[in-house]
Amino acid sequence: NEKSKDLIDFENSKSFKQSDVILISNNFFSNNKIEEGALKNLELFINLYKKNKKIILTSNANHYSSKRYKNFYNITLFDYYLLNSKPGQKFIDANLSDLDIEKINHFYFKNRNVKEIQEINDNLKTISKKNNIKFLDKEDFQCKIKIQICYGITNSGFKTNHDPSHFTAEGAKFFGKRIHEIGWLKF
C-alpha cells in the first residue's frame, strides 16, 4: 500500500517529527450515524505509527441532540432553553442565575445522544485495547455523571457548544480549564 500525500505531508511536518505523542481526537458520528469508514482508517493509522510514537485515543465527544425539538432543529439546546424559559433574554447572557445554569447543564445531560455515542466509544475502547494504547473519555471533562450535568454553559453564562458537538471559543476555554483541573491529560 502506498502512503497518501496527506500521510507523507503529516510525517514530514515539524510537529510530527518533534512529537513523542499522537493524541487522536475525531468525531466518528456524522449525520446521525456512525462513520464506519473512519473507524477502519483509525486502525490503519494506529498500526502505521504505534511503533515509533506513543498514541492516545480519545472518545467521541458528546453529541447533544435537539432533533426532538423539531421546530427548533437548527439551534443549540442552550438556545432552546432560553427561548422557552426566558423569553426576551439574550442567547449569550452572563446574567443567568446559578439555578438557570444548573437547569441548562441538567438539560444537556438529559439530551446527550447516549446510545450511538456509547456504541462508537465501545468500538474505540476495543481498538485501544487491541492496540495496547491509552484511551481517554471526553465525558470525564464534559460532564459530572453523578450529579447528572453536562456543561452546556460555562459558569459565566456562555454556551459551550455552537452545534450538537463542536465547542464555542468560550466552551474551549472552559473545557481547557476543566481538563487541567481534573488532570485528564496526566498519563
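**Reading the labels on this predicted model**

Q: Cysteine 143 and cysteine 150: are they buried or exposed in this predicted model?
A: Both cysteine 143 and cysteine 150 are buried. That word is used for residues under 20% relative accessible area, so each of the two falls below that cut-off.

Q: What makes the link of cysteine 143 and cysteine 150 a disulfide?
A: Their sulfur atoms lie 2.1 Å apart. The cut-off is within 2.5 Å, so the pair qualifies as a disulfide. The structure holds one disulfide. With 100° about the S-S bond, this link is right-handed.

Q: Why is leucine 23 called partly exposed?
A: Its relative accessibility is 42%. Buried needs under 20% and exposed needs over 50%, so leucine 23 belongs in between. You will find leucine 23 in strand S1, residues 21-24. Together with Val21, Leu185 and Phe187, Leu23 makes a nonpolar surface patch of about 340 Å².

Q: How do you know that the span of helix H6 is close to the expected one?
A: H6 runs over residues 114-130, which is 17 residues, and reaches 24 Å from its first C-alpha to its last.

Q: What puts the buried residues of H6 on the same side?
A: Ile117, Ile120, Asn121, Leu124, Ile127 and Ser128 are buried. They cover an arc of only 115° around the axis, and therefore share one side of H6. On the other side, Lys115, Thr126, Lys129 and Lys130 are exposed. As a general rule, an α-helix has 3.6 residues a turn, so residues three or four places apart point the same way.

Note on methods
Residues are numbered from 1 along each chain as its sequence is written. This is a predicted model: local features need pLDDT of at least 70, side-chain atom pairs count only at pLDDT 80 or more; totals for chains, interfaces and linings use all residues. Side-chain values use heavy atoms; hydrogens and water are left out. Helices (H or I, at least four residues) and strands (E, at least two) are DSSP runs, numbered from the N terminus. The expected span of a helix is 1.5 Å times one less than its number of residues. Buried means under 20% relative accessible area, exposed over 50%, partly exposed in between (1.4 Å probe, protein chains only). The arc is that of the directions from the helix axis to the C-beta atoms. Patches are made of residues with over 30% relative accessible area and no salt bridge: like charges are joined within 9 Å, nonpolar side chains (Val, Leu, Ile, Met, Phe, Trp, Tyr) within 5 Å. Accessible areas come from the Shrake-Rupley method with a 1.4 Å probe; for residues, only the protein chains shown count as cover. A salt bridge is a side-chain nitrogen of Lys or Arg within 4 Å of a carboxyl oxygen of Asp or Glu.
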